[in-house]
Amino acid sequence: MSVEDCKLIDLPKISDPRGNLSFIEGGQHIPFDIKRVYYLYDVPGGSDRGSHAHKTLHQFIVAMSGSFDVVLDDGSQKRRFHLNRSYNGLYMCPMMWRDLDNFSSGAVCMVLASAHYDAADYIRDYKEFLTMTTRKA
Ligand code: TYD
């Protein structure tokens, strides 16, 4: 997997003077079935989140409110994405180191995930991540 496999995906947007509506269907708008939803909120200014990779998990991340940056790193290439719209999001494939920073005040970061929470799926040591990605290259 490379950062080229991770991309911004535009979501359907039903524009309406009463308020816009977007939706996400697993396997339709994003390339996996949704098993879990979690969200970050009340993020203090200057905070960083993430700093890990997942062995098998697929995720899709949306800035539901405000904005933040996601830096993806496949072990040889890094790419920074700025998320600030509720009608698009970033697909993150497995084996991708991610750092989240530059949170605006009031930012809400929603993440859709392909599996239930499993601590064993995390790689939290960057050196170990590099060893694993180099071995696979
Ligand atoms: P973590 O994934 O490290 O947060 P982030 O990547 O956003 O910085 O998770 C932080 C803590 O929350 C950690 O103790 C595990 C726990 N957690 C759950 O219990 N369930 C979940 O679905 C998630 C995402 C985290």
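## Around the ligand

Nine names make up the ligand's surroundings here: R36, Y38, L40, R49, G50, H52, Y117, Y122 and R124. Keep in mind that this is a predicted model. Sorted by class, that shell holds four nonpolar, two polar and three charged residues. As for where they come from, strands β4 (36-40) and β5 (49-54) each bring in at least two residues of the shell.

| Residue | Atom on the protein side | Distance to a ligand oxygen atom |
|---|---|---|
| R36 | polar side-chain atom | 2.5 Å |
| G50 | polar backbone atom | 2.9 Å |
| R124 | polar side-chain atom | 2.9 Å |

So much for distances; next comes cover. On its own, the ligand would expose 540 Å², and the protein buries 62% of that.

H52 deserves a paragraph to itself. This member of the ligand's shell sits in strand β5. Is H52 buried or exposed? With a relative accessible area of 10%, H52 is buried, because the cut-off for that label is anything under 20%. The H52 side chain also reaches back to the backbone oxygen of G50, at 3.2 Å. G50, remember, is the residue whose backbone has a polar atom 2.9 Å from a ligand oxygen atom. Leaving out residues up to four places away in sequence, H52 touches M96, W97, R98, Y122, I123 and R124. Two of those names, Y122 and R124, turn up again in the list of residues around the ligand.

Stepping back to the whole chain, what are the secondary-structure elements of the protein? There are twelve strands and one helix. Along the principal axes, its C-alpha atoms fill a box of roughly 55 × 35 × 25 Å.

A few more figures round out the picture. Out of 137 residues, 40% count as buried. Among contacts with a separation of 6 or more, 76% join residues 24 or more positions apart. Finally, the chain has an accessible surface of about 7800 Å², and carbon and sulfur atoms account for 48% of that.

Terms used: Residues are numbered from 1 along each chain as its sequence is written. This is a predicted model: local features need pLDDT of at least 70, side-chain atom pairs count only at pLDDT 80 or more; totals for chains, interfaces and linings use all residues. Side-chain values use heavy atoms; hydrogens and water are left out. A residue is near a molecule or strand if one of its heavy atoms lies within 4 Å of it. A polar contact is a pair of N or O atoms within 3.5 Å; within protein, one must be able to donate a hydrogen and the other to accept it, and residues adjacent in sequence count only if both atoms are side-chain atoms. Accessible areas come from the Shrake-Rupley method with a 1.4 Å probe; for residues, only the protein chains shown count as cover. Helices (H or I, at least four residues) and strands (E, at least two) are DSSP runs, numbered from the N terminus. Ala, Val, Leu, Ile, Met, Phe, Trp, Tyr, Cys and Pro count as nonpolar, Asp, Glu, Lys and Arg as charged, and the others, Gly among them, as polar. Buried means under 20% relative accessible area, exposed over 50%, partly exposed in between (1.4 Å probe, protein chains only). Contact means heavy atoms within 4.5 Å.
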